[in-house]
Amino acid sequence: MEKKLFVFFILHLALNTGVSLYGQISPPPVIWGNVPKDQREMKEYVYDTQTSAVIVCDFGIWYPVDMPAGIVRLQRHVRLKILREEGISQSEISLIYNKSEGENITDLKAQTINFDGNRKKTTPLALKFLPEKTLKNGLAEKSFVFREVSPGSIIEYSYSLKTKSVEHLKPWYFQSEIPTIHSEIQLVGFEPYQFDAVSQRLELPSSEENRWIMRHIAGLKKQPFISRWDDYRIGIHFQLQDLMTIRDEQEEWRLITLDLQQASIVSDDSASQSAIYALAQSLTRNAVTEEEKIAEIHAHVRDHVRWNGISDIWVNQSAAGLYRSRVGNSAEINMLMAHLLWNAGITAYRGFVSTRDHGKPKQFPLRNQFNDLFILAVGDGQSFILDATEKDLPYDLPPYRMLNEMAWIIRDTTAGWSKIPDRFYKETIIMGQLEMDSTGKISGEIEEIYKGYAAQDFGRKNREKPEIKIQETPGKTLSVHHPFSLEKEVHVEDKMLIVNLLSKYHDADYPFETESRVYPLDFGYLIRERYILNLRIPNNYQVIRMPVSARISMEGREMFFEYLCENRSGVIQIRTTFEISKSIIYPESFSAVKDFYGKMLSRIEEEIVLIRKE
């Protein structure tokens, strides 16, 4: 017990106050290929004896290559110790970098070090011509797998990352999926330039030496319903400051707002501007309300210009050029829509967001936190978050990627943070008319109705499948009819028939296995699921047991479940409603979530029992 308490104290100290400051020039904590005795003989990590691998050292140095051109370089060296068989998966390495920001990885080398007694065997990898894989949004990846890895192996790799994004260096994360013994980042040779170091999940003291160290950092325990794990890792973000003056936060936001405005300017000649005006008037000629105008303009842009898959805040082509190419990034498409709205007399503002895969917004003036743009339109006393990039979405439903808590809205004379409304739904309705024959076989027809993000998801997956007949209200609802039968879900015991009508739809996986949670449950949207199933039973069967109706709710109604079951003249009707009314549920409510979910599952698993009459 004393040892566990001591370990907890050390981990707590490291996680909350473990940053140390040293001189700017210092020797590296590890030397390539040189494995000290304590690393060689390590059998387990004393602060987490259950971990199958541990990062011995993660060491990086940022230094300038050509500051006037904005070119800087990160030199990084990572060493891991494989402790058990399960840890061998850590020998698969993936390095992702942003080519659109001028990033490139060079000087990549890697090796496995094994020991047989005092005999050392080194197995290097040939990575000079490692192929590059292109990902979306300008990202690229280089990946490799270490050879001859087994429990006891030391693996290490190093590389050089060159980037042109000097204004905002890539963040340094002290915390990884597995524990880390030593993590260190240095900024060397940047004088007289200075960087702000903005901490994430860490109390960070100011540093003139530009050297930050953490030791014995617990591994990041991954759990379901998290938008992006980097948001919850202990780390530092770096931002270049003005060379001559130190600006306050308000001034920083003013300058960032000017940059965002400049980035999203659409440049057109007078003829193109006249054409935009004529098009806006034509699209809205028959619209009576402002909302109808908004819907018409949104649908036109959505259906006539294709999104290239790149989220961006920069407009690189004019409206006329976009119409000619018929393809553009998110900023280009949405700013075209903004100009049409303005020319139709609709009030519309620019909203800048960090998408869910880019990271949580930080209410600190970091210039690189915004990577996407929507249009906030106001019509008939309502506000609409508009984005015309995704073909399956109506005007009143923003893309899921943008549901990330906050947005920076630039209005006529002001700019500031606004909360993204927590009102957008993923909704599913299942309705069934079923009948049991005299042998106990159940069949019938099911109608599945999908709304909101459920409609978008189902349409993407199934629209091209000829066997699925979709009835669609454009942009709003998808409806699918198909035959239904229960065979495996019906059990016969003597003369009794045991049925669970919901088992065919119920996901048996329990998503909340852990006893506690340190991160929020982030669903992104609200959820509503409804089932209405009617089962007609034949005269030769009698119902002897049915599930008991119930209503379950968390105290704040963040989650709600209602189960109604009744027998009406030989027709059993089951109606269930499940709702999640908050897109983010915080860790202090997790025990209530587990309790709610467990009660809901036990209710869903209850069965109908029938007996055959003699």
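Q: Which way does α5 pass α7, right-handed or left-handed?
A: In this predicted model, α5 passes α7 in a right-handed crossing.

Q: What angle do helix α5 and helix α7 pack at, and how far apart are their axes?
A: The angle is about 145°. The axes are 10 Å apart. Helix α5 covers residues 290–304, and helix α7 covers residues 330–343.

Q: Which residues meet there?
A: From α5, I294, I297, H298 and V301 take part. They meet I333, L336, M337, L340 and L341 in α7.

Q: Why would residues three or four places apart in an α-helix point the same way?
A: An α-helix has 3.6 residues a turn, so residues with that spacing point the same way.

Q: OK, zoom out. How many helices and strands does the protein chain have?
A: It has nine helices and 34 strands. The C-alpha atoms fill a box of roughly 90 × 75 × 45 Å, taken along the principal axes.

Q: What share of the residues is buried?
A: Buried residues make up 51% of the 614 residues in the protein chain.

Q: And what share of the contacts with a separation of 6 or more comes from residues 24 or more positions apart?
A: Those account for 74%.

Q: What is the average pLDDT of the chain?
A: The average is 88. A score of at least 70 is reached by 92% of the residues.

Q: Where does pLDDT stay under 50?
A: Over residues 1–24. The model has 51 contacts beyond four places in sequence for that stretch.

Q: Now the inside. How many residues are in the largest nonpolar core?
A: It has 57 residues. Those with the most contacts inside it are I442, V499, L501 and L610.

Q: Which helix gives the most to this core?
A: Helix α9, residues 590–604, gives the most, with seven residues.

Q: What does L610 touch, leaving aside its neighbours within four places in sequence?
A: Its contacts include M436, K495, V499, I537 and Y541. Q542, V543 and I544 are also among them.

Q: What lies apart from that core?
A: Another core, of 43 residues. Among its members are M67, L80, L95 and Y159.

Q: How far is M67 from K613?
A: They are 88 Å apart in space, C-alpha to C-alpha. In sequence, 546 residues separate them.

Q: Where is K613 found, and is it buried or partly exposed?
A: K613 is in the segment after β34 (608–612). Its relative accessibility is 44%, so it counts as partly exposed. Leaving aside neighbours within four places in sequence, K613 is in contact with N539, N540, Y541 and Q542.

Q: Let's do sheets. What is the order of the open sheet with β3, β7 and β6?
A: The order is β3-β7-β6, with antiparallel pairing. β3 (92–98) and β6 (133–134) stand at the edges. Each has a single partner strand, so one side of each has no neighbour in the sheet.

Q: How many bridges join β3 to β7?
A: Seven bridges join them. Strand β7 covers residues 139–145.

Q: Which residues join through a cis peptide bond?
A: E191 and P192 do, with omega about 10°. P192 lies in the loop between β10 (180–187) and β11.

Q: What about phi for D107?
A: Phi of D107 is positive, near 55°, in a residue other than glycine. D107 lies in strand β4, residues 104–116. It counts as exposed because its relative accessibility is 55%, and the cut-off for exposed is over 50%.

Q: And what is phi for R201?
A: It is positive, about 60°, although R201 is not a glycine. R201 lies in the loop between β11 and β12 (211–217). With a relative accessible area of 45%, R201 is partly exposed.

Q: Last one. How many residues of helix α8 are buried?
A: Seven of its 10 residues are buried, so α8 is mostly covered. Among them are Y453, F458 and N462.

Conventions:
Residues numbered from 1 in each chain as written. Predicted model: local features only at pLDDT ≥ 70, side-chain atom pairs only at ≥ 80, totals over all residues. Heavy atoms only, no water. Core = buried A, V, L, I, M, F, W, Y, C linked by side-chain atoms within 4.5 Å. Buried < 20%, exposed > 50% of the residue type's maximum accessible area, 1.4 Å probe, protein only. Helix = DSSP H or I, 4+ residues; strand = E, 2+ residues; numbered from the N terminus. Contact = heavy atoms within 4.5 Å. pLDDT = per-residue confidence, 0-100. Axes fitted to C-alpha atoms, helices over the stretch in contact; angles between N-to-C directions. Left-handed = near helix turned anticlockwise from the far one by under 90°. Pairing = 2+ DSSP bridges.
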